[in-house]
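Me: I am new to this structure and would like a close look at a single part of it. Please keep the answer plain and connected.
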Amino acid sequence: MTRIIAVAENTFRESIRDKVLYVLLFFAAATIFGSKILGWISIGQDIKIIKDICLAAMSVFGALIAIFIGASLVYKEIDKKTLYTILAQPLHRYEFVLGKYLGLVAIIGVAIVLMTGISVGYLYFMGGAVTLVWFQAILLIFMKLALITAFAILLSALVSPIMGAIIVFCIYVTGHATEVFKDLPPQFDDTISRQVLEIFYYLIPNLNTFNLQSEAANNVPVTGAYVSFALAYGLAWTAMLLILACLAFEGRDV
Amino acid sequence: MTAIVTEGLSKTYKSLGKAPVHSLSDLNLTVEENEVFGFLGRNGAGKTTTIKLLTGLIHPTAGRAALFGTDIITPDARRMVGYMPEQPYFYEYLTPRETIEFYARLRGLTAEEREREWEQISALLDLRDIANRRIRGFSKGMRQRVGFAVALVGDPPLLILDEPMSGLDPLGRRMIRELILQMRDRGKTIFFSSHVLSDVEEICARVGILVSGKLAACDRISALVGDVAKSVEICARGLDSAFIANLGGQVISHEERKEGGHRLVVQDTEAANQLVVEINRAGGTLLSLHPVQESLEDFFTRIQEGAQVALPEEKQPAALAAAEE
């Protein structure tokens with residue numbers, strides 16, 4: 001565990017010194033403050049719109065951090081040969097993969113906390129109330145980003161950063177629309193297309209499970225049971241992806 | 001105890017649509033504890049592949065190896081090794097102190113041990129002045145010092161150094177050479193690859209030479225270069241041109257020395273004796289006479305040109321079994 005933490009801390013420190021992180025955080029903050037503009041054009045709905053945009057900004061910019069930093073995390077170590085002296089130490093390769101993962105998740109966690117702080121302060125300033133469902137929505141966004149990071153780490157151990165980033169981005173987009181693969185119109189009945197799309201439904205995580213944006217914006221309470229289910233779903237997917245990432249990296253020559 | 005044993009160690013790289021590349025074939029090698037072993041070969045001969053196999057960076061296609069009796073596939077084997085890759089790369093945003101701290105943590109050292117480790121290593125490699133500067137701006141020599149420092153973290157009994165003198169200026173090379181000898185005196189085993197044959201000759205007890213992924217020679221340097229026929233160099237003065245002209249095929253080479261006199265090289269000691277008699281008879285003065293031995297560089301060149309030298313008999317399987325016991 002000490003070795004995993006050492007790798008995680010180092011990854012955290014590396015990401016903190018990465019300019020990409022600050023650029024993304026800047027744009028996230030700009031989007032949150034810019035939500036006022038949309039609030040103006042939606043008469044009487046400005047607080048709802050601001051809440052909606054704040055959560056969307058956390059989700060999108062958090063995903064961009066996970067994709068851009070995560071997809072190059074392991075590959076960069078191989079490419080820059082920093083991995084040579086690390087893997088020559090008495091550590092298991094899975095410890096390295098988990099350390100890299102936890103380091104990046106910690107960075108995303110800090111980014112989410114920062115964006116939450118900015119959003120809450122801004123909403124308070126604008127006269128909006130923040131309830132439990134708002135924080136439940138943020139918790140599930142964090143779970144979704146942890147899942148996306150696991151995908152990014154897996155691909156980082158297998159393909160180049162650009163290829164990895166494209167694939168994870170596609171998963172992020174289609175993951176928000178997996179119901180489409182399941183609820184096909186009747187003309188798809190008994191076709192190969194239905195079978196293929198159903199396979200996609202099970203291969204790609206349903207990221208809408210983590211989406212409480214509309215509930216948070218409208219202050220509609222969500223049960224603890226649902227949040228627990230969503231967390232369990234996210235953790236199961238994350239664990240499976242991390243196991244695959246460890247296995248992929250275990251047999252790899254560097 | 002045996003520090004390194006390899007038995008039939010092989011590595012073949014396969015990639016889709018390309019012919020397989022046999023980077024290392026059937027390597028049988030033993031390196032004893034507290035030995036300085038030089039691993040030689042041209043670029044692409046398989047030196048780095050062997051080192052990567054021994055440090056667990058790549059997996060063997062066939063065969064096995066053990067470090068101090070522990071199979072290389074287990075992380076415990078790497079507890080025995082300090083590794084410095086060719087052109088060591090580290091996190092550029094870290095300082096030498098943070099780098100040593102990081103690797104010490106990977107080796108499971110406690111905070112107290114890490115502090116002690118830094119004190120010792122930084123003193124040995126003169127890192128204190130640059131302790132808090134980021135590695136990003138470091139010269140090749142400074143990076144090499146950090147690389148050596150990382151290899152020493154955790155006080156491993158075996159150091160594996162890949163081209164440690166590559167790209168260094170004479171002072172840097174000397175520093176590494178002295179460090180290797182210092183480590184040997186502290187009881188460590190050093191296995192290193194190099195192109196700088198004069199350094200190898202100076203500090204190694206034994207060498208192994210790889211040719212196209214196969215071990216072509218492995219023995220003490222004196223045994224390897226002693227195998228070939230020696231010639232004898234004779235320097236004399238007071239010899240006239242007629243005497244020289246009459247020597248004909250008796251000498252291998254002849255040249256006039258800048259400082260006066262002649263330098264004559266003959267095939268063996270018998271021919272040398274005969275020539276000395278003739279020089280005396282002709283009224284010449286003998287200045288010097290000494291055997292010319294083949295250098296490691298000559299041997300290396302000869303072996304690369306295809307002269308296969310018989311390997312000394314090494315009982316690898318028995319050695320491996322003994323190491324495991």
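In what sense, right-handed or left-handed, does α6(A) pass α7(A) in their crossing? Please start there and describe what surrounds that contact.

Reply: The model is predicted. In it, α6(A) passes α7(A) in a right-handed crossing. Helix α6 covers residues 93–126 of chain A. The two helices pack at an angle of about 150°, and their axes are 10 Å apart. Because the angle is over 145°, α6(A) is roughly antiparallel to α7(A).

By class, the contact of α6(A) with α7(A) has 18 nonpolar, 4 polar and 1 charged residues.

Helix α7(A), residues 132–156, also packs with α3(A), residues 46–70. Here the angle is about 20° and the axes are 8 Å apart. Because this angle is under 35°, α3(A) is roughly parallel to α7(A). The crossing of α3(A) and α7(A) is right-handed. From α3(A), the residues taking part include A:Lys51, A:Leu55, A:Met58, A:Gly62, A:Ala66 and A:Gly70. From α7(A), they include A:Trp134, A:Ile138, A:Ile141, A:Lys144, A:Leu145 and A:Ser156. The contact of α3(A) with α7(A) divides into 14 nonpolar, 5 polar and 2 charged residues.

For a view of chain B, take the strand β7(B), residues 158–162. This strand is mostly covered, with 5 of its 5 residues buried. B:Leu158, B:Ile160 and B:Asp162 point one way from the strand, while B:Leu159 and B:Leu161 point the other way. In a regular strand the side chains alternate between the two faces of the sheet.

Two strands pair with β7(B). One is β6(B), residues 81–84, which pairs with β7(B) in the parallel sense over 4 bridges. Within that pairing, B:Gly82 has B:Leu159 as its bridge partner. The other is β8(B), residues 189–193, which runs parallel to β7(B) and is joined to it by 5 bridges. In β8(B), B:Phe191 is the bridge partner of B:Ile160, and B:Phe192 is that of B:Leu161.

These strands belong to an open sheet of 6 strands in chain B, in the order β6-β7-β8-β3-β9-β10, with mixed pairing. Its edge strands are β6 and β10 of chain B, each of which pairs on one side only. From one strand to the next the twist averages 15°. Helix α1(B), residues 47–54, packs on the sheet and touches β3, β6, β7, β8 and β9 of chain B. The direction of α1(B) makes about 145° with that of β7(B). Helix α6(B), residues 170–185, lies across β3, β7 and β8 of chain B and runs at about 150° to β8(B).

B:Glu35 lies in the loop between β2 and β3 of chain B. Because its relative accessible area is 9%, B:Glu35 is buried. Residues up to four places away in sequence not counted, B:Glu35 touches B:Lys188, B:Thr189, B:Ile190, B:Ala205 and B:Arg206.

Terms used:
Residues are numbered from 1 along each chain as its sequence is written. Chains are lettered from A and ligands numbered from 1 in the order in which they are written. This is a predicted model: local features need pLDDT of at least 70, side-chain atom pairs count only at pLDDT 80 or more; totals for chains, interfaces and linings use all residues. Side-chain values use heavy atoms; hydrogens and water are left out. Axes are lines fitted to C-alpha atoms, for helices over the stretch in contact, and angles run from 0 to 180 degrees between N-to-C directions. Angles under 35 degrees count as roughly parallel, over 145 as roughly antiparallel, 65 to 115 as roughly perpendicular and the rest as oblique. A crossing is left-handed if the near helix is turned anticlockwise from the far one by less than a right angle, and right-handed if clockwise. Contact means heavy atoms within 4.5 Å. Ala, Val, Leu, Ile, Met, Phe, Trp, Tyr, Cys and Pro count as nonpolar, Asp, Glu, Lys and Arg as charged, and the others, Gly among them, as polar. Buried means under 20% relative accessible area, exposed over 50%, partly exposed in between (1.4 Å probe, protein chains only). Two strands pair if DSSP finds at least two bridges between them.
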